Amino acid sequence: MLAYILRRIGLGVLVFLLAISTLYILVQAAPGDPASAMLGPRATPAIKAAFREKLGLDYPMPVQIFNYLTSVLQGDLGVDLKTKRPVIDTLAVHLPRTIELLAASLLLAACLGIPLGCMAAVRRNSVFDRAVGVLSVSLIAVPAVIIAIYGMLIFSAGLGWLPAIGAGEEGDLLSRLRHLILPAVAVGIGWVGYLARLVRASMIEVLSANYVRNARAFGLREPRVVYRYALRIAVAPTVTVLGIGVGIMLGSAVFAEIVFARPGIGKLMYDAVILRNYPVTLGAVLAATLILIVSTTASDILNAIIDPRFKESRE
Amino acid sequence: MTRALALRMTGRLPDAAALRRLILDPMGAVGLALVVLLILSALFAGLLAPYDPTAINVPAKLQPPSWDHWLGTDQLGRDVLSRALYGGQIALSVALVSTGLALAIGMFFGLLAGFGPRWLDNIIVLAFDTVRAYPVIILALAVGPLFGAGMTTVIGILVATSVPYYGRIFRTSVIAAAKAEYVEALQAMGMRGARIVVRHMLPNIIGPILIVASMDIPTFIAAEAGLSFLGVGVKPPTSSWGLILDDGYKFIRQTPWLVIAGSVPLILATLGFTFLGEALRDVFDPKLRKEP
């Protein structure tokens with residue numbers, strides 16, 4: 001098991017290095033080069049050349065990549081062209097906001113999705129079960145950007161119940177929470193559907209297992225069998241989707257942050273792209289990619305610990 | 001072709017009974033109706049649209065729905081219904097082209113990895129893992145502007161990021177199929193690898209993969225709208241549901257109608273394709289329950 005965990009972490013590190021190298025090449029090879037983009041149309045060839053030299057863009061590509069990787073690993077992501085401060089400082093302000101949003105969304109998805117799926121499985125083929133089925137599919141289908149905009153249209157612009165923009169006052173927990181509700185719903189509601197389906201399917205399987213029959217034969221009350229014993233086993237597969245989930249949620253978070261003008265990686269990137277603030281854009285992609293790689297690696301390792309058969313299926 | 005595929009997948013033809021089950025399933029019926037409606041309205045957008053979708057008429061800007069403009073007008077006085085109809089063309093073309101290209105390229109690399117030498121398999125799988133490490137929307141936001149916003153960029157990003165998903169499915173299917181007796185028999189008969197893969201294994205494994213791909217169409221439709229909303233997708237004055245939504249968001253305090261006009265076709269399209277995909281999967285292959 002330890003060997004698998006170490007190998008999985010090694011693979012994660014390798015993929016991260018490859019991903020940032022590829023990104024670097026992509027940005028350099030793209031038709032609109034960062035030097036022209038950052039300096040604007042009026043820059044003379046001499047200014048551009050000086051700029052390229054300053055950023056080390058005049059070295060051969062392998063050297064550039066090596067230099068870039070070295071500085072990234074040292075935490076040097078360049079200078080934020082807007083604030084003139086290190087990019088890492090800018091990220092340090094925005095990254096926690098995005099993680100906070102992802103955590104709130106996951107919590108929402110788990111708190112609604114798991115009970116819904118569980119109740120649907122217990123009342124299999126009932127009207128309730130069918131309704132949960134249609135609801136899950138619908139929640140999965142509707143894009144996060146639509147939920148975000150309707151949330152704003154109805155609850156902020158229309159009813160005025162919840163704040164429309166920002167992340168709330170620093171240090172005021174209630175205000176922070178109120179600002180978190182709509183974005184978290186936009187990001188997490190689709191996952192309510194995913195989790196409900198997943199838990200329903202695994203719950204149905206678990207409820208027909210021998211030990212559940214045994215528990216019933218011993219005369220344990222049904223709620224105790226379902227919620228104390230079966231559900232604990234049935235929620236395990238949700239860990240498998242955590243990795244994919246975080247990737248999709250990061251995309252949804254971009255929309256939620258932009259619609260609600262909420263500080264975070266997505267909003268930061270959106271603004272940086274408009275200002276052609278390349279170091280920040282690259283830094284934000286790196287941070288998001290790192291979050292995704294860490295979550296997929298963690299999810300794979302957790303899976304292997306829960307169910308050792310999983311290891312082989314990945315190899 | 002599809003009949004032959006269905007035969008291989010399920011061991012029987014998609015007979016009238018299967019189609020009847022699809023239509024009798026409420027989800028399937030609703031999905032099919034929505035998808036047909038969407039395809040027809042996109043195909044005949046030119047005939048159905050009451051106005052030129054790019055015709056500007058500023059005095060008539062931001063009007064609520066009326067007999068003249070069924071879905072109202074946008075901030076430039078353009079007819080929103082006409083823009084939504086043409087937006088359907090963009091959504092469908094992006095989704096279909098992206099799915100087709102991603103499947104084809106994913107198939108190529110997946111088969112190569114699954115049946116090729118071990119070192120090639122390792123390289124391809126590592127490349128797949130690397131691409132999958134990027135959150136799609138965030139990557140698109142970063143590199144999209146470098147390649148210039150537009151339909152080609154959107155398709156390029158969607159294809160590049162979904163090739164690994166299809167590639168992995170093809171790879172796993174080929175590895176599983178390689179253990180089948182008919183493959184051993186063909187090898188014993190002296191048939192070469194590439195010929196076995198293309199002529200014999202591919203027809204056996206592609207059916208379920210096509211269903212998975214069809215279930216990804218709504219994801220692509222949503223991604224096109226999302227990227228256009230972010231400004232890295234289709235560029236104005238071309239019409240896209242994402243652009244209408246973006247206009248609606250900008251004028252959300254003045255009128256709710258633009259948001260509604262941009263979102264309703266998008267919601268109906270994603271729901272329609274998702275419902276149809278679910279029902280198709282249940283009808284053709286009950287075993288193929290796709291994990292989320």
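**The contact between the chains**

Author: Chain A contains 14 helices and zero strands. This is a predicted model, and the description that follows should be read accordingly. Along the sequence, the pattern of chain A is α-α-α-α-α-α-α-α-α-α-α-α-α-α. Taken along the principal axes, the C-alpha atoms of chain A fill a box of roughly 85 × 55 × 35 Å. Chain B has twelve helices and zero strands, and its elements run α-α-α-α-α-α-α-α-α-α-α-α from the N terminus on. The C-alpha trace of chain B spans about 75 × 50 × 30 Å along its principal axes.

Where the chains meet, 43 residues of chain A are in contact with 39 residues of chain B. On the side of chain A that touches chain B, at least two residues each come from helix H1 (2–29), helix H6 (127–141), helix H7 (144–158), helix H8 (173–207), helix H11 (238–259), helix H12 (265–274) and helix H13 (278–306) of chain A. By class, the residues of that side of chain A are 35 nonpolar, seven polar and one charged.

H12(A) and H7(B) pack with their axes 10 Å apart, at an angle of about 5°. Angles under 35 degrees count as roughly parallel, and H12(A) and H7(B) are therefore roughly parallel to each other. From H12(A), the contact draws on A:Met269, A:Tyr270 and A:Val273, and from H7(B) on B:Ile138, B:Leu141, B:Ala142 and B:Pro145. The contact of H12(A) with H7(B) comprises seven nonpolar, no polar and no charged residues.

H7(B) also packs within its own chain. The axes of helix H7 (residues 136–147) and helix H8 (residues 151–177) of chain B come within 10 Å and cross at roughly 140°. H7(B) and H8(B) are therefore oblique to each other, and H7(B) passes H8(B) in a right-handed crossing. In this contact, B:Val136, B:Leu139, B:Ala140, B:Gly144 and B:Phe147 of H7(B) meet B:Thr153, B:Gly156, B:Ile157 and B:Thr161 of H8(B). The residues of the contact of H7(B) with H8(B) are five nonpolar, four polar and no charged.

H5 of chain A has 36 residues and reaches 51 Å from its first C-alpha to its last, close to the 52 Å expected at 1.5 Å a residue.

Definitions and conventions: Residues are numbered from 1 along each chain as its sequence is written. Chains are lettered from A and ligands numbered from 1 in the order in which they are written. This is a predicted model: local features need pLDDT of at least 70, side-chain atom pairs count only at pLDDT 80 or more; totals for chains, interfaces and linings use all residues. Two residues are in contact if their C-beta atoms, placed from the backbone, lie within 7 Å. Helices (H or I, at least four residues) and strands (E, at least two) are DSSP runs, numbered from the N terminus. Ala, Val, Leu, Ile, Met, Phe, Trp, Tyr, Cys and Pro count as nonpolar, Asp, Glu, Lys and Arg as charged, and the others, Gly among them, as polar. The expected span of a helix is 1.5 Å times one less than its number of residues. Axes are lines fitted to C-alpha atoms, for helices over the stretch in contact, and angles run from 0 to 180 degrees between N-to-C directions. Angles under 35 degrees count as roughly parallel, over 145 as roughly antiparallel, 65 to 115 as roughly perpendicular and the rest as oblique. A crossing is left-handed if the near helix is turned anticlockwise from the far one by less than a right angle, and right-handed if clockwise.
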